[in-house]
Amino acid sequence: MTMYDRFTICAMLALAGCSPARVTPGNVADVPALDAIVDAELRRDLFAMASNDMRGREGGTVDELRASAWLAERARDAGLEPAGDDGTYFQFWRMRRSRVSDVSRLTLDGNRLRMPDDAVLVSPTSAQVDGPVVFVGEGKTADVANVDVRGKIVAAVISAPENAAPLGPLLTARRYTMLAVRQRSA
């Protein structure tokens, strides 16, 4: 996903709680000060949002909150009226996330694997697993048809998920990968 895609998604989410002041629906000519949009200002804001100062803007973190507040201030400066929760520029929703702790380790033959780059845990849990590893190719039905995986640690190369939408704003690299993992682990 490019820097522009990330900014666009962030801007769409943050501005979901905004409504333009005094705009007649369906008539772009009625948008106040449309001709006041300046390329240099758009570029400045794009680079500010994508800068290292925003520290990644990962959802559910203080960095995301900071970026959202910055964007809400830009909306206020542009004259947009808040239309979000409780008269704010924000719409809140419950977010659930699972993270592998920094102390978690996954090793294979004494070599530490980095998550999620080298390995993906299908069902994160608190456990120590030691046992024989069986490699099942891509983990497709034909790959595991004649392999006994009972009592073994199963390793597979994850290939493209079947019948997936193309990568983009609706299907990020992480969601794409997890879709492939879910398909193979099933």
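**Group meeting talk: one predicted chain**

I will start with a loop. Asp 86 sits in the loop between strand 2 (81-82) and strand 3 (106-108). Please keep in mind that this is a predicted model. Asp 86 has a positive phi of about 55 degrees, although Asp 86 is not a glycine. Is Asp 86 buried or exposed? Its relative accessibility is 80%, so Asp 86 counts as exposed.

Now the chain as a whole. The secondary structure of the protein chain comes to five helices and six strands. Read from the N terminus, the order of the elements is α-β-α-α-β-β-β-β-α-β-α. The protein chain has 186 residues, and 17% of them count as buried. What about contacts between residues with a separation of 6 or more? In the protein chain, 36% of those contacts are accounted for by residues 24 or more positions apart.

Next, a pair of helices. Helix 2 covers residues 39-50 and helix 3 covers residues 62-77. The axes of helix 2 and helix 3 are 11 Å apart, and the two helices pack at an angle of about 165 degrees. How do we describe such an arrangement? Angles over 145 degrees count as roughly antiparallel, and helix 2 and helix 3 are therefore roughly antiparallel to each other. The crossing in which helix 2 passes helix 3 is right-handed.

Which residues of helix 2 and helix 3 meet? From helix 2 there are Asp 45, Ala 48 and Met 49. From helix 3 there are Ala 67, Trp 70, Leu 71 and Arg 74. Sorted by type, the residues of this contact are five nonpolar, two charged and no polar.

Leu 71 lies in helix 3. Its relative accessible area is 7%, so Leu 71 is buried. Leu 71 and Tyr 89 are 18 residues apart along the chain, and their C-alpha atoms are separated by 9.2 Å.

Arg 55 lies in the loop between helix 2 and helix 3. Is Arg 55 buried or exposed? At 59% relative accessibility, Arg 55 counts as exposed, because the cut-off for exposed is over 50%.

Two more residues, and then I will stop. Leu 106 lies in strand 3. With 25% relative accessibility, Leu 106 counts as partly exposed. Between Leu 106 and Ala 119 there are 8.1 Å from C-alpha to C-alpha, and the two are 13 residues apart along the chain.

The last one is Thr 177, in helix 5 (residues 173-185). Thr 177 has a relative accessible area of 33%, so Thr 177 is partly exposed. How far apart in space are Thr 177 and Pro 161? They are 7.6 Å apart, C-alpha to C-alpha, and 16 residues apart in sequence.

Asp 86, with its positive phi, is exposed. That is the end of my part.

Terms used
Residues numbered from 1 in each chain as written. Predicted model: local features only at pLDDT ≥ 70, side-chain atom pairs only at ≥ 80, totals over all residues. Heavy atoms only, no water. Axes fitted to C-alpha atoms, helices over the stretch in contact; angles between N-to-C directions. Helix = DSSP H or I, 4+ residues; strand = E, 2+ residues; numbered from the N terminus. Parallel < 35°, antiparallel > 145°, perpendicular 65-115°, else oblique. Left-handed = near helix turned anticlockwise from the far one by under 90°. Contact = heavy atoms within 4.5 Å. Nonpolar A, V, L, I, M, F, W, Y, C, P; charged D, E, K, R; others polar. Buried < 20%, exposed > 50% of the residue type's maximum accessible area, 1.4 Å probe, protein only.
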